[in-house]
Amino acid sequence: MALWLLNHLSTLALTLLIVGGCVLATLAGSLLVRRRLPRLAEGEHNETVGLVLGMFGAIYGIILAFVIVTLWTQMENTQAVVATEATDAAIIVRDVAAFPDEPETRVKKAVGHYVHHVVEAQWPEMRDGMKTLSSGEQLQGVYNALQSYEPVTEMQKIYYAEAADSLDDMASQRRARLTMAGQELPLLLQVLVFGGAVVILPLTFLYGTRSRKMQLLFVAAVAGLIGFSLLLVVVLDRPFAGDLSVSPELFKQGKLEQFWNPAQQS
């Protein structure tokens, strides 16, 4: 459900749906409770309600902070993995420039196939929450192209070793990227985050004030804060889905740009 929302709704639409939905539902619930239980407006239970609300709010706030920081760190790590993988591919293209024309062209062609496969095939799969690693045929093609050449001069041997190291690292980053694409918030934390909101928001209905406007302002503020926190959880949970997702543009820049612009290919 979350993936469908991220891939079909803009961040603004999600904000209106989640934050606006929390606020409207809380306001409606507060008005309903106030109408059915008018004595709550006298505030005779405010001390108990305030104590319970403060205790639950503190625990829930810690959980939300932990989840949001964890998801943000995951997003940053995913961006770093993608950047490293694209950089490794660019380094391979740079290093094979020291090879004779035929092996250089062969390796570059294999890298080009790999880059196109990442952007055009894997990215849509990751956007849908791919949970299995792909076959890696394009990656094996780069290995085959590089292993088919035996360097002769000392300079070629140096650049060959650097290209091989970069290729091994690219393979490692690829596996990390695909693994991250299938990750999501554990079920227990999902229950704590979303279930906690279901517990906290109705508690605000029980905190009575004689002024209806003040009570509605109070419950709306709490609902807005919780709704925005839930929005962050939904948006950050899937690093390859939604408007704020990790972009594949790094695979189209620098030395890799030639694989997208035929005029630059040699």
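**Stop 1: a positive patch**

Select Arg35, Arg36, Arg212 and Lys213: together they form a patch of positive charge on the surface. Here Lys and Arg count as positive and Asp and Glu as negative, while His and the chain ends are not counted. To join a patch, a residue needs over 30% relative accessible area and no salt bridge, and like charges are joined within 9 Å. The place of a charge is taken as NZ of Lys, CZ of Arg, CG of Asp or CD of Glu.

Before moving on, note that this is a predicted model, in which local features need pLDDT of at least 70 and side-chain atom pairs count only at pLDDT 80 or more, while totals for chains, interfaces and linings use all residues. Residues are numbered from 1 along each chain as its sequence is written, and side-chain values use heavy atoms, with hydrogens and water left out.

Now color helix H2 (11–36) and helix H8 (212–237), which each supply at least two residues of the patch. (Helices are DSSP runs of H or I, at least four residues, numbered from the N terminus.) Click on Arg35, which is found in helix H2. Arg35 is exposed, with a relative accessible area of 71%. Exposed means over 50%, buried under 20%, and partly exposed in between, using a 1.4 Å probe and protein chains only.

**Stop 2: a buried charge**

Next, jump to Asp88 in helix H3 (residues 46–95). Show what Asp88 touches: leaving out residues up to four places away in sequence, you'll find Ser166, Asp169, Met170 and Gln173. Touching means heavy atoms within 4.5 Å.

**Stop 3: salt bridges**

The structure holds eight salt bridges. Start with Arg94 and Asp95, whose side chains meet at 2.9 Å, N to O. Arg94 is partly exposed at 44%, whereas Asp95 is buried at 0%.

Then pick Arg238 and Glu184, another salt bridge, at 3.0 Å, N to O. Arg238 sits in the segment after H8 and Glu184 in the loop between helix H6 (154–181) and helix H7 (187–205), so this pair ties together parts 54 residues apart in sequence.

Last stop: Lys252 and Glu249 meet in a salt bridge at 3.9 Å, N to O.

Technical notes:
Patch = residues over 30% accessible without salt bridge, like charges linked within 9 Å, V, L, I, M, F, W, Y side chains within 5 Å. Areas by Shrake-Rupley, 256 points an atom, 1.4 Å probe, with all protein chains shown as cover. Salt bridge = Lys/Arg side-chain N within 4 Å of Asp/Glu carboxyl O.
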